[in-house]
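I set out to record what could be looked up in one structure. The entries follow the order in which I consulted it.

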Amino acid sequence: MADCLFCRIVAGEIPAAIVKRSDAALAFRDIDAKAPVHLLVIPTKHVAAVRDAKGADGERLLGRLLAFAAEIAAEQGLDRDGYRIVTNTGRNAGQSVDHLHLHLLGGRKLTWPPG
Ligand code: 5GP
Ligand code: ZN
């Protein structure tokens with residue numbers, strides 16, 4: 001999508017600190033990090049949010065994104081102390097970019113519940 005911020009990052013039109021890519025996903029550092037490790041894991045193809053990842057393709061995509069995030073967490077050295085993967089969907093959750101993204105947070109003790 002031409003006017004989507006994260007599609008523009010995928011296309012290389014907007015710079016980002018990219019950590020890892022696969023054919024279906026991209027991981028880069030959040031510009032406003034809330035933890036020592038705060039990455040965003042996104043599909044390279046535009047999907048607005050988890051609620052839009054439907055059917056067999058959607059299920060496959062969600063599985064691959066989660067597995068990709070877990071792989072990166074291990075590579076970032078987060079397996080031992082743990083980490084959080086969270087995705088905001090819609091207004092009540094505070095989703096601010098309408099391109100599906102998993103937040104991968106780690107490197108400090110995280111409180112629960114989130115606000
Ligand atoms: P949301 O609030 O939708 O769950 O998460 C969107 C995230 O995208 C926020 O944590 C925000 O800091 C991050 N973000 C917004 N604009 C940019 C940008 O231009 N580059 C990067 N790397 N992250 C961004
Ligand atoms: Zn997009």
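**Conventions.** I work with a predicted model, in which local features need pLDDT of at least 70 and side-chain atom pairs count only at pLDDT 80 or more, while totals for chains, interfaces and linings use all residues. Residues are numbered from 1 along each chain as its sequence is written, chains are lettered from A and ligands numbered from 1 in the order in which they are written, and side-chain values use heavy atoms, leaving out hydrogens and water.

**Sheet.** I took helices (H or I, at least four residues) and strands (E, at least two) as DSSP runs numbered from the N terminus, and counted two strands as paired if DSSP finds at least two bridges between them. I found an open sheet of 5 strands, ordered E1-E2-E3-E5-E4, with antiparallel pairing. Strand E1 (18-21) and strand E4 (83-86) stand at the edges with a single partner strand each, so one side of each has no neighbour in the sheet. On average, neighbouring strands of this sheet are turned by 20° against each other, direction ignored. E1 pairs with strand E2 (residues 25-29) in the antiparallel sense over 3 bridges; the bridge partner of Ile18 in E2 is Phe28.

**Aromatic pair.** I looked for ring pairs among Phe, Tyr and Trp (its six-membered ring), with centres within 6.5 Å; planes under 30 degrees apart count as stacked, over 60 as edge-to-face and the rest as tilted. The structure holds 1 aromatic pair. Phe6 and Phe28 form it edge-to-face, at 5.4 Å centre to centre and 80° between the planes. Phe6 belongs to helix H1 (residues 5-10) and Phe28 to strand E2, so the pair ties together parts 22 residues apart in sequence. I classed residues as buried under 20% relative accessible area, exposed over 50% and partly exposed in between (1.4 Å probe, protein chains only). Phe6 is buried at 5%, and Phe28 is buried at 3%.

**Gln95.** I located Gln95 in the loop between E4 and E5. Gln95 counts as buried, at 13% relative accessibility. Its side chain reaches the backbone oxygen of Ala48 at 3.0 Å.

Note on methods
Axes are lines fitted to C-alpha atoms, for helices over the stretch in contact, and angles run from 0 to 180 degrees between N-to-C directions. A polar contact is a pair of N or O atoms within 3.5 Å; within protein, one must be able to donate a hydrogen and the other to accept it, and residues adjacent in sequence count only if both atoms are side-chain atoms.
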